[in-house]
Number of protein chains: 2
Amino acid sequence: MSANRQVLLKSRPDGIPQAAHFEIVETKLRDLRDGEILVRNQYLSVEPAMRGWVSAVANYAQPVGLGEVMRSFATGEVVASKHAGFAVGDKVTGSFGWQDYAIVTAADITRKVTETDIPLSASLGIMGLNGITAYFGFLETCAPKPGDCVVVSTAAGSVGSAVGQIAKLMGCRTIGISGGPQKVQLCLDEFGYDVALDYRAQTDLRAALANACPRGVDCYFDNTSGPISDAVYANLAAGARITICGTASVASWDPPPLGARVERMILVKRARMSGFLAFDYMHRKEEALTRLAGWIRAGHLRWREDISDGIESAPGAIAELYRGENLGKRLIRLHA
Amino acid sequence: MSANRQVLLKSRPDGIPQAAHFEIVETKLRDLRDGEILVRNQYLSVEPAMRGWVSAVANYAQPVGLGEVMRSFATGEVVASKHAGFAVGDKVTGSFGWQDYAIVTAADITRKVTETDIPLSASLGIMGLNGITAYFGFLETCAPKPGDCVVVSTAAGSVGSAVGQIAKLMGCRTIGISGGPQKVQLCLDEFGYDVALDYRAQTDLRAALANACPRGVDCYFDNTSGPISDAVYANLAAGARITICGTASVASWDPPPLGARVERMILVKRARMSGFLAFDYMHRKEEALTRLAGWIRAGHLRWREDISDGIESAPGAIAELYRGENLGKRLIRLHA
């Protein structure tokens, strides 16, 4: 266990990171110092946010440095510990990077995973940042009411699918927007959307939304910030709440792309558009995870995973994500 | 008193209403029916919102019909009444139209003006819709905290100047943006802004704002929705609150003008952009007016009026407003 394969950031991408921006190296593990914990990663996560993490443009997180291990959430098991709070065998999740083993401090560990009846991989999705994002992003900034018409973009994605299901649990009517017939079918069959729209197949998404939401859109949970949003904005109900959770449809914000100005629509509809970053809610994560675990155990919440085996599949995985090739939370499994 | 001069909407403007879109006619007053009240207008109001009221494009109010009396707030005195709740001599304010006399029902009357120590004309400004707009628009949707850096566009205007002063009363640092040296001087001398910026004289408003708000803009109260906003958006602090109260810098929203997409800025700064319409808060108007009257009596709140005499000055007054020619709330006085 002394050899550690690591995925390093080799060059800074202009736009979406590709496999060529990374390199895999093998390094030797050093000994643990006092207070450190050695985690053997079982699953690595792949996030849309990674585009931002490797961008030199100022963002809400410091960029990953060139030559550094790619920042990543991961989940695994403590295999050695010089910290009294963590014992060998503990399952943990946190910011462990794209590598086999991570030498971490307690500050890098998000939490011990105690829900042993739920698969460990879920701690990188529905029982992790995706679930926490969906829970607070939807409940706090969309502030849904029973009967509200809720539109979710990237509706079959790991955050979007959770939002759609939580919205149903809140008594809302749910409209999912996703790309391609497979994802539309998933929206209807697995995630319980009342209506699922394939934005690629729609010649007039705005009209399709008007048809699906005749009294207007009360809540819009968005991960795209592009033409899908423009179609939703044209259908807002008075008092609509928009949550900006991601901007997946925009390849580069430097400079920002042009779009129709939103101010008059915001004004006339007395709408509210809020940016949401899950990290602002991490101090309340147990509140979300307790409720999410309850819904999972009651069979009310489903999720999908798209798992590839081996660290070699990591470098190209962000680009795959942006091509929309995955059906479910994109994970990399390092061992069984 | 049987002859009533009225300003009628003659044709529908494409953009900003000009004098030629109206005509003045003289009609004969009919007798009052049961429940009606005859109001003799003393002051008529001129509002930026009038552009929307005469536009055929769906808006938050039904458009004024061609041949109808121009919709307007006004203030005056009851001169005849067949309603038990209103007596001759009562001062009232409400939606009375651009005319000498208005036959109204109780539903058209916003309130009786009981603050006899404050000039009646104030009921069309600081003690009326402008004050209520500033009060709730700023306190409720900007949610200021002491020490916040507050930027106000149209800072010397009747709403903006009230926002700037309320912000100071709340312990905020205030930055006013207005056009021309006269308004900048007003901002500093009368309305107590900490910094006043002339957007016409700035070659780089974005940099000037960065200099005035080194820790970023916490609250932005906007009436413009154009390039001034773009400069403010580039300087937001994390957690910024933006209130869209008006869109004065945009001559036509059909189609909406293009601008830099705001979603990533909203996301990264976890900002909140809210549309504000004072009518949503009219059920709480006495709460605002009580507090505003208290501030006025304590000498904490100043306002300016720009009054022209005679109903003949009404038709061209909206265009004057959009040219930014007025210094203070634009009113038309019909009699002393």
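In this predicted model, the buried residues of helix α8 of chain B are Ala288(B), Leu289(B) and Leu292(B). They lie on the same side of α8(B), because the arc they cover around the axis is only 95 degrees. An α-helix has 3.6 residues a turn, so residues three or four places apart point the same way.

- Exposed residues Glu286(B), Thr290(B), Gly294(B) and Arg297(B) are carried on the face of α8(B) turned away from its buried side.

**Length and end of helix α8 of chain B**
- Helix α8 of chain B comprises 13 residues (residues 285-297), which should span 18 Å at 1.5 Å a residue.
- The end C-alpha atoms of this helix are 18 Å apart, which agrees with that expectation.

**Domains of chain A**
- Chain A is divided by the domain assignment into domain 1 (3-125 + 303-333) and domain 2 (129-279).
- Taken over C-alpha atoms, the centres of domain 1 of chain A and domain 2 of chain A are separated by 28 Å.
- Contacts between the two involve 14 residues of domain 1 of chain A and 18 residues of domain 2 of chain A.
- On the side of domain 1 of chain A that touches domain 2 of chain A, eight residues are nonpolar, four are polar and two are charged.

Conventions:
Residues are numbered from 1 along each chain as its sequence is written. Chains are lettered from A and ligands numbered from 1 in the order in which they are written. This is a predicted model: local features need pLDDT of at least 70, side-chain atom pairs count only at pLDDT 80 or more; totals for chains, interfaces and linings use all residues. Helices (H or I, at least four residues) and strands (E, at least two) are DSSP runs, numbered from the N terminus. The expected span of a helix is 1.5 Å times one less than its number of residues. A residue is buried if 20 or more other C-beta atoms lie within 10 Å of its own, exposed if 12 or fewer, and partly exposed in between; C-beta atoms are placed from the backbone. The arc is that of the directions from the helix axis to the C-beta atoms. Domain bounds come from an automatic or database domain assignment. Two residues are in contact if their C-beta atoms, placed from the backbone, lie within 7 Å. Ala, Val, Leu, Ile, Met, Phe, Trp, Tyr, Cys and Pro count as nonpolar, Asp, Glu, Lys and Arg as charged, and the others, Gly among them, as polar.
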